[in-house]
Amino acid sequence: MREVITLACVECKRRNYTTTKNKKVTKEKLELRKYCRFCRTHTTHRETR
């Protein structure tokens with residue numbers, strides 16, 4: 001039931017992380033604050049396709 005999603009940095013738009021989420025329970029897009037090695041800071045990463 002869990003599906004693999006990709007997380008992209010909001011500032012530089014690069015896809016840095018992959019994770020899983022249960023789409024039946026969590027319908028909205030996932031947003032996490034993670035380290036972006038390209039920006040070299042902690043930024044918000046949002047779920048992409």
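How many Å² does the accessible surface of the protein come to, and what share of that surface belongs to carbon and sulfur atoms? The accessible surface is about 4000 Å², and carbon and sulfur atoms account for 46% of it; areas are computed by the Shrake-Rupley method with a 1.4 Å probe, and for residues only the protein chains shown count as cover. This is a predicted model, in which local features need pLDDT of at least 70 and side-chain atom pairs count only at pLDDT 80 or more, while totals for chains, interfaces and linings use all residues. Residues are numbered from 1 along each chain as its sequence is written, and side-chain values use heavy atoms, with hydrogens and water left out.

**Overall build**

- The protein has 0 helices and 4 strands, where helices (H or I, at least four residues) and strands (E, at least two) are DSSP runs numbered from the N terminus.
- Along the sequence the pattern reads β-β-β-β.
- Taken along the principal axes, the box filled by the C-alpha atoms is roughly 35 × 15 × 15 Å.
- Of the 49 residues, 20% count as buried; buried means under 20% relative accessible area, exposed means over 50%, and partly exposed lies in between (1.4 Å probe, protein chains only).
- Among contacts in the protein with a separation of 6 or more, 35% come from residues 24 or more positions apart, a contact being heavy atoms within 4.5 Å.

**Charges and rings**

- There are 15 positive and 5 negative side chains, and the centres of the two sets are 5 Å apart.
- In that count Lys and Arg are positive and Asp and Glu negative, with His and the chain ends not counted; each charge is placed at NZ of Lys, CZ of Arg, CG of Asp or CD of Glu.
- Arg-14 lies over the face of Phe-38, 4.1 Å from the ring centre.
- Lys-34 has its charged end over the ring of Tyr-17, at 4.5 Å from the centre of that ring.
- A charge sits over a ring if NZ of Lys or CZ of Arg is within 6 Å of the ring centre and within 35 degrees of the ring normal.

**Loop between β1 and β2**

- Lys-13 lies in the loop between β1 (2–9) and β2 (15–22).
- Lys-13 is not a glycine, yet its phi is positive, at about 65 degrees.
- Lys-13 counts as exposed because its relative accessibility is 60%.

- Asn-22 is part of strand β2, and counts as partly exposed at 21% relative accessibility.
- Leaving out residues up to four places away in sequence, Asn-22 touches Met-1 and Arg-2.
- Asn-22 and Glu-3 are 19 residues apart along the chain, and their C-alpha atoms are separated by 6.4 Å.
- Val-25 is in the loop between β2 and β3, and is exposed because its relative accessibility is 65%.
- Val-25 and Cys-12 are 13 residues apart along the chain, with 29 Å between their C-alpha atoms.

**Loop between β3 and β4**

- Arg-37 sits in the loop between β3 (31–36) and β4 (41–48), and at 61% relative accessibility it counts as exposed.
- From Arg-37 to Arg-14 the C-alpha distance is 9.9 Å, across 23 residues of sequence.
- Arg-40 also lies in the loop between β3 and β4, and is exposed, with a relative accessible area of 66%.
- Arg-40 has a positive phi of about 65 degrees although it is not a glycine.
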